[in-house]
Amino acid sequence: MDFSLTDDQKALSQAAADFARAELADHAAEWDATSHFPVDVIRRAGEAGFLGIYIPEERGGLGLSRLDASLIFEQLSQGCISTTAYLTIHNMVAWMVASWGSEALREQWVDRLVSGECLGCYCLTEPGAGSDAASLRTRAVREGDDYVISGSKMFISGAGANDVLVVMARTGDPDSGAGGISAILVPADAEGIGYGKNEEKMGWKSQPTRLVSFDAVRVPVGNRLGAEGEGFKLAMKGLDGGRLNIASCSLGAAQHALTLARNYLGERKQFGRELSSFQALQFKLADMATELVAARLMVRQAAWRLDQGDPEATAHCAMAKRFATDMGFTVCNEALQLHGGYGYLKEFPLERMVRDTRVHQILEGTNEIMRVIVARRLLADGVVESLQ
């Protein structure tokens, strides 16, 4: 059992760390303060290959594994959590189009998504369907060779600055549940699409978040991803990876926070000595590091299981997401506490890191839903035993 990274993985991590330092870290505070969506930097991320990380090479992507992607996102998020989180969403959209779109759809969109020429949004959540995503009400009614889409989506990252949306819409009967949902690619400028105001959020301010409405939006049936009625299944496949991606952003945030806390304890003096000499603070630092290492191992194991097609990968992704995002917020919050009043100032990055990591416990399935997913699997015969 070898837990070390390969030379290629070390090189990928270093490349992502270099990009984070050169393109993200020095601008993250300004983007947060001005709610600026750095499209130019996102496109440069495309030039570096970071917008098609696990898209096959023959489609223009890097063709990397989910474990490789986790390593990359962990490093990028140390530069800017919010912008990296959008990159994870865009990667998921591009992967879904590359995996389940028709050849014509792939030819039209994948290269442009991988390069950053076009930006993508993932549209599942609705004003009345969050955790219970299978109850979504957005409709796609077939009329000849077209779908006519009506409804709305909520909390859509990148909306209003995007070029394409992957929309989950009900193509079956109103009470058809998960089996009546299809995934449809919709150009962002299609007639009948409306974008709400950019929501004022606690964190993630370097990316816009808007309601997207569909008023009889007409798109060809050929824009469907996969078969009719497969949309919810595809959405959940996307979310397995999405949960690992956002967990990886939490790992990066926690690593950065731990580094800042360690440095501050060595520099700051109280009662005539460095804070790092106080055993109570040493214990706090040790706990932060221990939880980070534990979360990193969980995320990387879950990514490996997803790469291997393990039948229990979904449960492991849910466990890793729950643990890593709880840990990421806690470590950032503890690092802020160790900084005292300085941690609460916008001049220091920790208050932004606390705000940015808080939403990780909500999106890609709340951590309460992660517990539901895990518990349901544990109640199946033999699953508890398989955890050994």
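Analyst: Let us begin with accessibility: a residue is called buried under 20% relative accessible area, exposed over 50%, and partly exposed in between, with a 1.4 Å probe and protein chains only. Phenylalanine 271 has 78% relative accessibility, so this residue counts as exposed. The model is predicted: local features need pLDDT of at least 70, side-chain atom pairs count only at pLDDT 80 or more, and totals for chains, interfaces and linings use all residues. Residues are numbered from 1 along each chain as its sequence is written, and side-chain values use heavy atoms, with hydrogens and water left out.

User: Which residues does UniProt list under the domain names, and what is the helix and strand content of residues 6-117?

Analyst: UniProt positions are given in the numbering used here, feature names are shortened, and annotations may be inferred rather than shown by experiment. Helices (H or I, at least four residues) and strands (E, at least two) are DSSP runs, numbered from the N terminus. An unreviewed UniProt entry places "domain: Acyl-CoA dehydrogenase/oxidase N-terminal" at residues 6-117; this span is 70% helix and 0% strand, and its end C-alpha atoms lie 32 Å apart. In the unreviewed entry, "domain: Acyl-CoA oxidase/dehydrogenase middle" covers residues 121-217, a span with 0% helix and 47% strand whose end C-alpha atoms are 16 Å apart. For "domain: Acyl-CoA dehydrogenase/oxidase C-terminal", the unreviewed entry gives residues 229-379; here the content is 75% helix and 3% strand, with 28 Å between the end C-alpha atoms.

User: Where does glycine 229 lie, and how many Å separate it from asparagine 245?

Analyst: Glycine 229 is found in the loop between β8 (224-225) and α7 (231-267). This glycine is partly exposed, at 23% relative accessible area. Glycine 229 and asparagine 245 are 16 residues apart in sequence, and their C-alpha atoms are 26 Å apart in space.

User: How many aromatic pairs does a search of the whole structure find?

Analyst: A pair of aromatic rings is described by the distance of the centres and the angle of the planes. Rings of Phe, Tyr and Trp (its six-membered ring) pair if their centres lie within 6.5 Å; planes under 30 degrees apart count as stacked, over 60 as edge-to-face, and the rest as tilted. The whole structure holds six such pairs. In one of them, phenylalanine 19 and phenylalanine 50 are edge-to-face, at 5.7 Å centre to centre and 85 degrees between the planes. That pair links distant parts of the chain, 31 residues apart: phenylalanine 19 is in helix α1 (residues 7-24), and phenylalanine 50 is in the loop between α3 (39-47) and α4 (66-76). Phenylalanine 19 is buried at 10% relative accessible area, and phenylalanine 50 is buried at 3%. Phenylalanine 271 and phenylalanine 278 have ring centres 6.5 Å apart and planes at 70 degrees, so this pair is also edge-to-face. Ring pairs also link Tyr54, Trp95 and Trp100 into a cluster.

User: Which charged residue sits over the ring of tryptophan 109?

Analyst: A charge sits over a ring if NZ of Lys or CZ of Arg is within 6 Å of the ring centre and within 35 degrees of the ring normal. The charged end of arginine 112 sits over the ring of tryptophan 109, at 4.8 Å from its centre. Arginine 358 lies over the face of phenylalanine 329, 5.8 Å from the ring centre.

User: Which salt bridges does arginine 218 form?

Analyst: Side chains of opposite charge can pair when their charged atoms come close. A salt bridge is a side-chain nitrogen of Lys or Arg within 4 Å of a carboxyl oxygen of Asp or Glu. By this rule the count is 22. Arginine 218 meets glutamate 143 at 2.9 Å, N to O. This pair links distant parts of the chain, 75 residues apart, with glutamate 143 in strand β2 (residues 139-143) and arginine 218 in strand β7 (residues 209-220). Glutamate 143 is partly exposed at 42% relative accessibility, and arginine 218 is partly exposed at 44%. Arginine 218 also forms a salt bridge with aspartate 146, the closest N and O atoms being 3.4 Å apart. Aspartate 146 is in strand β3 (residues 146-157), 72 residues from arginine 218.
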